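Please read them with the structure open beside you.

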Amino acid sequence: MAWTRPGAVAGTAVALIASTVVGCGGSGSPPQGGVGGPIAAPINLADCTDWEQASVEERLGTIEQLRNFVGGEVAGSGGRGVVLDDEDAYQLFENTCANEYARGFKLYKLYSRAAAFSGEAGQ
Amino acid sequence: MLISGSAALAHIERASYWPDPAAESVGGQPAGGDVPDARSLFSALDESAPGQTRVVCVGGQPLAYRPDQEVHKREDQQVSHEEVDRLKKKVKKLRHAVKHASGEEKDRLRHKLHIAKKRLGQAKQDYQAALAAEMAARQAAQQAYEQALAEELAARAAYNEALAAQPSMQVLDSSIADALAHGYELQPSKPRVQVSYQEARRLRDFNARLLAECHYDSIQAAVNDSHNNDRVVVMPGTYTEPDSRAAPTDDPACDGLEEMNDRGQTGANSYRYVATCPNDQNLIAIVGREPGPDPPPQPPLDDRHKIPDEGPCIRCNLQLEGSGISPDDVIVDVGNVDSGNGAPADPAKDVGIRVDRADGFVLRNMTVRHAAEHGIYVVEVDGYRLEQFKTAYNEEYGVLTFTADHGLIQDCDAFGSGDSAIYPGSAPDTGEQVEAPDVQRYNTEIRRCDMHHSAAGYSGTDANAVWIHHNDFYDNALGFTTDVFTAAGHPGFPQDSDLIEDNDFYSNNFNPYVDQPDDTEIVPTIPVPVGTGLWIAGGNNNTLRDNRFWDNWRRGTMLFAVPDEFVCGPDTGNSQHGCDPTEVNTSYDNEYYGNVMGQAPGGTPDPNGTDFWWDQFPGNTGNCWHDNVGKNGDRASLTSDPPLSPIAGTSPPGFLPEDCDSPTNTGGGGDNDAELVSCLANFGEGAPTPCSWFTTPPEPQP
């Protein structure tokens, strides 16, 4: 069976997210403007090395961008790509990118795969 | 502020559409509608053929072709002695007659004898004169011949010296010498290709003819000057395209030509952007059409059939080919030349060769390496043929085709990619989801290729109706993946209707997640399970038959559903119409039969960790594994998770289904999805099951 995701997210980094996200409208309301600014970064090439070197603010901006990147309309299906909760996304990258072998993992690929299984993981 | 560590090479792809699959006439030739034929190299200089040929060589300077000239020697002339002989006989006869004659008759004969003697004397003089003249002529002819021969040999030597010193010919000569001695390697899994002396001689001579027509040292420059039905022939050498490398990335000249992509992002480069700034991202860009008069729809259309902003063909039916003896002779290098066909790539551009809306495109006989993303990138093209080529150490994909139709990829060697060696992304919906007036058909064929030493050999996200056969997948972490990941950017969801047959999947135990030698290192960009032959990660109605899987230490094959592919959001008035996730779920109706598992070609048992693995996702139906054999050549030696049914040909719950249509052939859950979640959805703290994918499994014993 799928493992159960903790209901309450803990840890320093996530606390930082929470405060930043809340400051920008909370997790139910995607961070706007002040977090990441206009989308201009190479989201299809950003990888775990970039994540590890980024500030929390940069990470939050990237998560916002990923939400749009992955959550677009799925042509012909009438649906949209499923997205992760921002806190889950942050923790996903923290857990994965801490490993040396993951240094080249593309963030959008990690995100989209995790999003596809988010329902399972969250059960 | 956003993460931008790799920003220098970045770009975001535009929303892409499947081209109209019907052929159109371009200069009297059909473009699209089918896989284009390849024109023979030896017809490249045939002026009666359609199109014009442009020749590229190292140095870009022509050398006039000089065929060997024959030097003719004067034939000896025979000097006739017949007249002398005849007169001698006559004199002799007259003498005899005089001796036996008398009277007036004797006087008459004496007179005749006198005349005959006189004639004989003259004849002797004439003969001597003719003989002297002939001897003189012979002497003069010999001197002339020797002089002409010397001149010809000198001219021939000078030409051959110039030819041999020409850089492209030097590469060719070296390659020919090696090929004659040892053959050349096209696919490492196959015997070397042998070359005859006659073939080599003919190819060298034709290259000498091509050299006479060489006016380019840049492939891009030759492409830029090309039109519909034209050809670009590239002579042996390494092409780094300095002008393309110097072209700015994110060129301010193309500001304002971005568009909104699938994800609602502005900033994706439009087709007009690519046409205007072709080397912004690409070392070589083949822009096949004029941009349409109207801008692309914003946001993109939900229906991705037919390109909405397509202009007329300007470079359709273009053939780009190397003129060497093998793909190793013509190299398009996007990065570090000194790395050879290895690492590090050190790329200067994202893409090696981009083929954009260039219907009827043919690429042959070259190597493309060291791109930051894709070596060869074919997008929105109807009709393409890629053959006799190699891609090496392109950091994302060796070959990426995207929303391209009527494609053939064959006789190739693709390796060293962080994602996959060959990736026919979003191949058109010509499988079970085909829409009239189109008919169900395989739109892309991939055959006789080696895909190896990459995170994945083959990947096909939302790649529909692809026919993959007679290929070798080895030395990857995962030999083959078809999936629905990143579905938002890929039209064609859900993936379906591949035919995967007569392939070999073996020794996919390469672990890119540990330290590797510098010169063969790849940096994986995806998480996949080391030691796996093939997986279907969300896909329907795929057929795997008559393949052989052996020596994959984790698993031969995996099949699992991707449960939350998309969500039905608020109706935007554009694309939410009809959204019903229950109707488009994955994975259903995948059939595996006639496969040999855990046995090497000679019949020696060489097992996979587990032959067949299935997640048993609740509600999935129609998946079946039947008439396959295991390491001992029988059903009993198959290994699977869930286990084989106690009775062959049945599908009881909790076992691997063998009866495709049984009402009990339904996924019932189980705990196999825990592995997927721990490896793919690793968020939250304290995940109880660490991901095992990045550790090489122990080799299973026969």
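1. How many helices and strands does chain B have? In this predicted model, chain B has 8 helices and 37 strands. Its radius of gyration is 37 Å, well over the 27 Å that the globule rule gives for 702 residues, so chain B is more spread out than a compact globule. Taken along the principal axes, the box filled by the C-alpha atoms of chain B is roughly 145 × 65 × 50 Å.

2. If one takes the contacts in chain B between residues at least 6 apart in sequence, 70% of them join residues at least 24 apart.

3. As to confidence, the model scores ipTM 0.85 and pTM 0.90, and chain B averages a pLDDT of 93, with 93% of the residues scoring at least 70. Two stretches of chain B call for care: over residues 4–10 the pLDDT is below 50, although this stretch has 21 contacts in the model beyond near neighbours in sequence, and over residues 570–578 the pLDDT is again below 50, with 11 such contacts. Where pLDDT is low, the predicted coordinates should not be read in detail.

4. The largest nonpolar core has 174 residues, and those with the most contacts inside it are Y111(A), A114(A), V56(B) and I422(B). Helix 5 of chain A gives the most to this core, with 7 residues.

5. Helix 5 of chain A, which runs over residues 107–116, is mostly covered, since 9 of its 10 residues are buried; among them are L107(A), Y108(A), R113(A) and A116(A). A114(A), also one of the buried residues of this helix, touches L84(A) and L92(A) in chain A as well as L680(B), A681(B) and F683(B) in chain B, not counting residues up to four places away in sequence.

6. Is F612(B), in strand 35 of chain B, buried or exposed? F612(B) counts as buried because it has 24 C-beta neighbours inside 10 Å, where the cut-off for a buried residue is 20 or more. The strand that holds F612(B) spans residues 610–614, and, leaving aside residues up to four places away in sequence, F612(B) touches G556(B), T557(B), Y592(B), W625(B), S640(B) and L656(B). R231(B) lies 381 residues from F612(B) along the chain, and the C-alpha atoms of the two are separated by 47 Å.

Key:
Residues numbered from 1 in each chain as written. Chains lettered and ligands numbered in written order. Predicted model: local features only at pLDDT ≥ 70, side-chain atom pairs only at ≥ 80, totals over all residues. Helix = DSSP H or I, 4+ residues; strand = E, 2+ residues; numbered from the N terminus. Buried ≥ 20, exposed ≤ 12 C-beta atoms within 10 Å, placed from the backbone. Contact = placed C-beta atoms within 7 Å. pLDDT = per-residue confidence, 0-100. Core = buried A, V, L, I, M, F, W, Y, C linked by C-beta atoms within 7 Å. Rg over C-alpha atoms; globule rule 2.2 N^0.38 Å.
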